[in-house]
Amino acid sequence: MRADRIAKIVKGMEVQGVDQMIISDPSTIFYLTGRFVAPGFRLLVLYLDTRGGCTFFLNALQSDYADLHDDICWYQDSEDPIKRLAEKIREGATVAIDKNWSANFLLRLMREKSANYVLTGDIIDRIRMVKDEGEIQAMRETCAINQKVMARMFPMLRPGLTETEHRKELHELYCSYGAEGYNITPIVAYGQSCGYAHHKSDGTVLKSGDCVLIDTGARYHGYRSDMTRTVFYQSVSDEMREIYQIVYEAQMTAMAAVKPGARFCDIDRIGREIIAKHGYGEYFTHRIGHNIGIDGHEFPDVGAANEMEIQPGMCFSVEPGIYIPGKGGVRIEDLVVATPTGYECFYDYTKELQIIG
Ligand SMILES: [Mn+2]
C-alpha cells in the first residue's frame, strides 16, 4: 500500500469536508496498491476515514488478494458485506462514493446507515493527474512499445486488406512486446472511414490513394499509451496533402506551447486557430486532447472549457484532426509529459507525410 498516496487522499478529503470514503474504482486501487483487482459482482472496496482507518472489504473467496493490505475485512458469501461496511459509517458523516460504484451496493448502504453521501468528485482525480517519476517512466515504456507496434502496422498495407483484418494484428503485436494488450478499442480506418473521428473499424477494403489512420495504444505495467498516425497508400491527392500539412502544423504548434502555467484551453485554442485559419475549423470536431495514465482517458481534458494550468508531471495527448465526411481525414496524436521547463514528448515516430506502397 502506498501510504504517501493514501495520505494525499486523506488530505484532499479534509480540504473538501469529506469524513469517510469508499473507493471501488479498480484503477484507483491499482494506484494505491500496485495490483489490479477484478471484483466481479462481489463487493470489493477500500474504506478510508480521516480519523484513521484504511480497510479493504474482500470476499473470502478472493484470497489471492490477501497481500493487498494488512487491514482486510473478510466476509463470507453467506453474509451481507454491506451490513459490515455500514458498521464503519458514522451517522451523519459526509461519505464520498466513486461515481461508478454499483447502485446495488450504494442504495443498500444508504438504507442501512443515514449519512451525507456525496460523489468523490475530483479529490482523487486531482492527485492522479500529476504523475510521479515512477509513473512517468511507466509512460515512457508503454509509449516505446506503442510506437514499435505502430511501425509494424504500416508495412502490412496490401491490396484487399480490410480494416478489421488489419486491426486484429494489434493484439498479437502488443503481446509480442510484453504488453498486457491494448488500450481502449483501437481504430484502423481507410479512405472515407477517416472522415469520422471515431470510426469503428469494419470490412472496408484498402484502395490506392486512401488515407490510412491508425489510433492505438498499449497497456504495459498498468499504464496506457495512445498514438495516432495517418499515412497514404500509394498516392495522395492535393487536397489531402494540404489537410495533412495543416494538421501537422496544428499539432506541432500546439505541442510546442506545452509548459507549466499554460492553460489546457490555450493548447486547444492554438491548434484550433491554425486549422480555422485555413478554413477547416468546422471539421475539427473534438477537443485537442485528454490526460492519460492508468486509464486511457483521465481527468482533466485538454479542451476549450478547461482553464486549469498545466503542471509538471501531467501526461496528456495533443491530437488535432480534420475529418471530411465522404472524403477522408487526418489526425496526428502524440503524448507528452509537462516538465518544469516545457515538455517531453513520449514518441519520436515520424510525423512527416508518408506514402506507403
Ligand atoms: Mn487519444
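Buried means under 20% relative accessible area, exposed means over 50%, and partly exposed lies in between (1.4 Å probe, protein chains only). This is a predicted model, in which local features need pLDDT of at least 70 and side-chain atom pairs count only at pLDDT 80 or more, while totals for chains, interfaces and linings use all residues. Residues are numbered from 1 along each chain as its sequence is written, and side-chain values use heavy atoms, with hydrogens and water left out.

**Stop 1**

Select Gln-234. This residue sits in the loop between β12 (227-233) and α8; helices (H or I, at least four residues) and strands (E, at least two) are DSSP runs, numbered from the N terminus. Gln-234 has a relative accessible area of 38%, so it is partly exposed. Its phi is near 70 degrees, a positive value in a residue other than glycine.

Now go to His-221, in the loop between β10 (218-220) and β11 (223-224). Here phi is near 50 degrees, again positive in a residue other than glycine. His-221 counts as partly exposed because its relative accessibility is 48%.

**Stop 2: helices α8 and α9**

Select residues 238-256 for helix α8 and residues 264-277 for helix α9; the two pack at an angle of about 155 degrees, with their axes 8 Å apart. Axes are lines fitted to C-alpha atoms, for helices over the stretch in contact, and angles run from 0 to 180 degrees between N-to-C directions. That angle makes α8 roughly antiparallel to α9 (under 35 degrees counts as roughly parallel, over 145 as roughly antiparallel, 65 to 115 as roughly perpendicular and the rest as oblique). α8 passes α9 in a right-handed crossing; a crossing is left-handed if the near helix is turned anticlockwise from the far one by less than a right angle, and right-handed if clockwise.

Which residues make the contact? On α8 they are Ile-246, Glu-249, Ala-250, Thr-253 and Ala-254, and on α9 they are Ile-267, Ile-270, Gly-271, Ile-274, Ile-275 and Lys-277. Contact means heavy atoms within 4.5 Å. The contact of α8 with α9 comprises seven nonpolar, two polar and two charged residues (Ala, Val, Leu, Ile, Met, Phe, Trp, Tyr, Cys and Pro count as nonpolar, Asp, Glu, Lys and Arg as charged, and the others, Gly among them, as polar).

While on α8, pick Gln-245, which is found in this helix. Gln-245 is partly exposed, with a relative accessible area of 38%. Its C-alpha atom is separated by 46 Å from that of Asp-4, 241 residues apart along the chain.

**Stop 3: helices α6 and α7**

Select residues 133-153 (α6) and 163-176 (α7), whose axes come within 10 Å and cross at roughly 140 degrees. This makes α6 oblique to α7. The crossing of α6 and α7 is right-handed. Ile-145, Asn-146, Val-149, Arg-152 and Met-153 of α6 meet His-166, Glu-169, Leu-170, Leu-173 and Tyr-174 of α7. By class, six residues of this contact are nonpolar, two polar and two charged.

**Stop 4: two buried residues**

Select Ile-123, in the loop between β6 (116-119) and α5 (125-128). Is Ile-123 buried or exposed? Its relative accessibility is 4%, so Ile-123 counts as buried. Leaving aside neighbours within four places in sequence, Ile-123 is in contact with Ile-9, Gly-12, Met-13, Gln-16, Val-18 and Met-21. The C-alpha atoms of Ile-123 and Ile-9 are separated by 6.8 Å, although these residues are 114 residues apart along the chain.

Next, pick Thr-28 in helix α2 (residues 26-33). Thr-28 is buried at 4% relative accessibility. Not counting residues up to four places away in sequence, Thr-28 touches Ile-23, Ile-124 and Arg-128.

**Stop 5: aromatic rings**

A search of the whole structure finds seven aromatic pairs. Rings of Phe, Tyr and Trp (its six-membered ring) pair if their centres lie within 6.5 Å; planes under 30 degrees apart count as stacked, over 60 as edge-to-face and the rest as tilted.

Select Trp-101 and Phe-105, a stacked pair at 5.8 Å centre to centre with 25 degrees between the planes. Trp-101 is buried at 9% relative accessible area, and Phe-105 is buried at 10%. Then select Tyr-280 and Tyr-283, a tilted pair at 6.2 Å centre to centre with 55 degrees between the planes. Tyr-280 is buried at 11% relative accessibility, whereas Tyr-283 is partly exposed at 25%. Phe-30, Phe-36 and Tyr-223 form one aromatic cluster.

**Stop 6: a cis peptide bond**

Finish at Pro-300, in strand β14 (residues 298-302). The peptide bond from Phe-299 to Pro-300 is cis, with omega near -5 degrees.
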